[in-house]
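Visitor: I am new to this structure. Please show me how to read a few of its features.

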Amino acid sequence: MLELLKRRIRLKVLGTPELVDERPSFDHAELVRRIAASAAKKRRSYREFPSFVHLESLAICNAACDFCPYSGLERKGTRMPDELIEKVVRDLADGPGNLPFLFAPYKVSDPFLEPRLFDIMDLVTAKLPAARFAIITNGSPLTQKKAEKLATYSNVGYLTVSLNFCDAEEYRSVMGIEFSKTLKRVDRLHELARAGRFRFPIRLSRVTAGRAADERFLAFARNRFPLFSAFVLPRNDWIGEVITPGANARVPDAPCHRWFDMSVTATGEVAMCCMDGEARYSKGNVRDRHLLELYNQPHLRAMREALPSRRTLGEPCRRCTYLSG
């Protein structure tokens, strides 16, 4: 009886009843524990230098996911000048040099739509030897040629394909792109992995839509792409920027490991974090200030050192429900 109460009946278009499992895919308390532990770990080494840097060199994506702020992004299409990209890299080179960190060549964008992607990766590789690339794509723009080029880099930490669905109609409805094209490119990626071309892990991700649907996706991913790992992410509302049904609504009574990130948008504005898609809570602009100066502003340093609960802070952290998987 209890199990039945956790489900509701949804009518399909044709009128056939379908049982939908609405139980959450995550243990909220465990995710809170993990994010607090991650923040405490980062505090030991990253008080003065970021552990993760997003650089959005081109604010463009070919998908229109309903759980992402891209469709309403004011800076959509903005291209960061080459000179500013070079400045950000120079600023990071003023850091400790040997402290490992992740460099993500995207923010609210898909990196494989950036014609300069591999030029940027070459620059980072030459100037920032401690950096490792963290790459997320929806998979559609990842051609065989680009995948083969990516395979030549020894400093990629991971590649994640945000696949999200195993049903073509649902995929097109939510993401606005064709499933068949993406699937062919992920199939080819898997073939290259089978041939031993990649020296880094490849993962398939999904933003949760309920336990039963999540489990179907994971089973599909395991069966079709056994060399890739697959995981499910909690839904987030991007600090209220995106109305996302099913998103976590509770502000964690914990700090956040994203306080150790720098998230640079295509305009040069540094967002508060990865969830601040529009950079409404800017830390400043790298056009006229040093990136590490922005990272080490007194109030941000104090936050990283004390690691208070988000609930005790001002905007936007006091109402941010972000949790990582």
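Visitor: Which residues does Met121 touch, not counting residues up to four places away in sequence?

Guide: Keep in mind that this is a predicted model. Met121 touches Phe133, Ile135, Leu150, Tyr153 and Val156, with residues up to four places away in sequence left out. Met121 itself lies in helix α4.

Visitor: Is Met121 buried or exposed?

Guide: Met121 has a relative accessible area of 0%. Buried means under 20%, so Met121 is buried.

Visitor: How do I describe two packed helices?

Guide: Two packed helices are described by the angle between their axes and the distance between those axes. Take α3, residues 82–93, and α4, residues 117–127. Their axes come within 10 Å and cross at roughly 20°. That makes α3 roughly parallel to α4. The crossing of α3 past α4 is right-handed.

Visitor: Which residues in α3 and α4 meet?

Guide: From α3 come Ile85, Glu86, Val89 and Ala93. They meet Ile120, Leu123, Val124 and Lys127 in α4. By class, this contact has six nonpolar, two charged and no polar residues.

Visitor: Now a loop. Where is Asn285 found?

Guide: Asn285 sits in the loop between β10 (270–271) and α9 (291–295). Its relative accessible area is 11%, so Asn285 is buried.

Visitor: What joins the side chains of Asn285 and Glu269?

Guide: A polar contact of 3.1 Å joins them. Leaving aside neighbours within four places in sequence, Asn285 is in contact with Thr267, Gly268, Glu269 and Leu294.

Key. Residues are numbered from 1 along each chain as its sequence is written. This is a predicted model: local features need pLDDT of at least 70, side-chain atom pairs count only at pLDDT 80 or more; totals for chains, interfaces and linings use all residues. Side-chain values use heavy atoms; hydrogens and water are left out. Axes are lines fitted to C-alpha atoms, for helices over the stretch in contact, and angles run from 0 to 180 degrees between N-to-C directions. Helices (H or I, at least four residues) and strands (E, at least two) are DSSP runs, numbered from the N terminus. Angles under 35 degrees count as roughly parallel, over 145 as roughly antiparallel, 65 to 115 as roughly perpendicular and the rest as oblique. A crossing is left-handed if the near helix is turned anticlockwise from the far one by less than a right angle, and right-handed if clockwise. Contact means heavy atoms within 4.5 Å. Ala, Val, Leu, Ile, Met, Phe, Trp, Tyr, Cys and Pro count as nonpolar, Asp, Glu, Lys and Arg as charged, and the others, Gly among them, as polar. Buried means under 20% relative accessible area, exposed over 50%, partly exposed in between (1.4 Å probe, protein chains only). A polar contact is a pair of N or O atoms within 3.5 Å; within protein, one must be able to donate a hydrogen and the other to accept it, and residues adjacent in sequence count only if both atoms are side-chain atoms.
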